[in-house]
Amino acid sequence: MGEPLGLLKVMVVRGKRLVIRDFKSSDPYVIVKLGSQMAKTKVIKSCLNPVWNEELSFSFTEPVGVLNLEVYDKDRFKADDKMGHAHLSLQPIVSAARLRQILGFSSGETTLRKIVPGSDNCLAGESSISCVNGEVVQSVWLRLCGVESGEIELSIKLIDTTPAAASG
């Protein structure tokens with residue numbers, strides 16, 4: 001394990017235009033992985049535009065990794081069907097958190113950085129990283145790869161738990 005940086009809270013907000021893997025719909029759930037850590041949302045029955053609003057927490061260490069998502073259709077009698085995958089580099093949110101420490105924002109809302117879709121991420125559109133009342137937050141829509149359609153909305157929060165964060 002590397003140097004602890006804090007806690008990463010990943011809110012799996014919702015999905016849209018997910019692919020059909022059953023007869024007329026799908027029963028989607030999301031697996032989120034960070035390094036060797038893994039967490040999973042609940043299954044939403046018969047829905048191609050599910051709303052999870054589920055928060056998953058990961059301990060966060062240096063070196064900074066990549067957040068990986070896999071979406072599956074829950075099947076009762078056979079292996080669950082893949083509904084796509086996506087990844088997001090966490091380096092931008094870590095850089096923004098370091099910037100917040102340097103600048104010392106603690107109240108209000110300030111945009112620290114904007115990320116545009118590129119080869120190192122699965123962004124469906126521009127994403128902004130903001131400091132909201134002292135917390136570094138990134139809202140993002142990820143386009144699912146390996147399937148015809150589908151996007152997942154996440155809200156990522158980096159909670160700094162290091163003692164150095166207080167003294168700066």
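This is a predicted model: local features need pLDDT of at least 70, side-chain atom pairs count only at pLDDT 80 or more; totals for chains, interfaces and linings use all residues.
Residues are numbered from 1 along each chain as its sequence is written, and side-chain values use heavy atoms, without hydrogens and water.

**Overall build**

The C-alpha trace spans about 55 × 30 × 25 Å along its principal axes. Two helices and 10 strands make up the secondary structure listed for the protein. These are DSSP runs numbered from the N terminus (helices H or I, at least four residues; strands E, at least two). Along the sequence the pattern reads β-β-β-β-β-β-α-β-β-β-β-α.

| Property of the protein | Value |
|---|---|
| Residues that count as buried | 43% of 168 residues |
| Share of contacts (separation of 6 or more) between residues 24 or more positions apart | 58% |

Buried means under 20% relative accessible area, exposed over 50%, and partly exposed in between (1.4 Å probe, protein chains only). A contact means heavy atoms within 4.5 Å.

**The six-stranded sheet**

Six strands form an open sheet in the order β4-β1-β10-β9-β8-β7, with antiparallel pairing. Strands β4 (51-61) and β7 (109-115) stand at the edges with a single partner strand each, so one side of each has no neighbour in the sheet. The twist averages 20 degrees from one strand to the next. Axes here are lines fitted to C-alpha atoms (for helices over the stretch in contact), with angles from 0 to 180 degrees between N-to-C directions.

Strands pair if DSSP finds at least two bridges between them. Strand β9 (residues 135-143) and strand β10 (residues 151-159) run antiparallel, joined by eight bridges. Val136 stands opposite Leu158 in β10.

**Ser127**

Ser127 lies in strand β8 (residues 127-132). Is Ser127 buried or exposed? Ser127 is buried, because its relative accessible area is 2%. Leaving out residues up to four places away in sequence, Ser127 touches Arg113, Lys114, Ile115, Gln138, Ser139 and Val140. The side chains of Ser127 and Gln138 also make a polar contact of 3.0 Å. A polar contact is a pair of N or O atoms within 3.5 Å; within protein, one must be able to donate a hydrogen and the other to accept it, and residues adjacent in sequence count only if both atoms are side-chain atoms.
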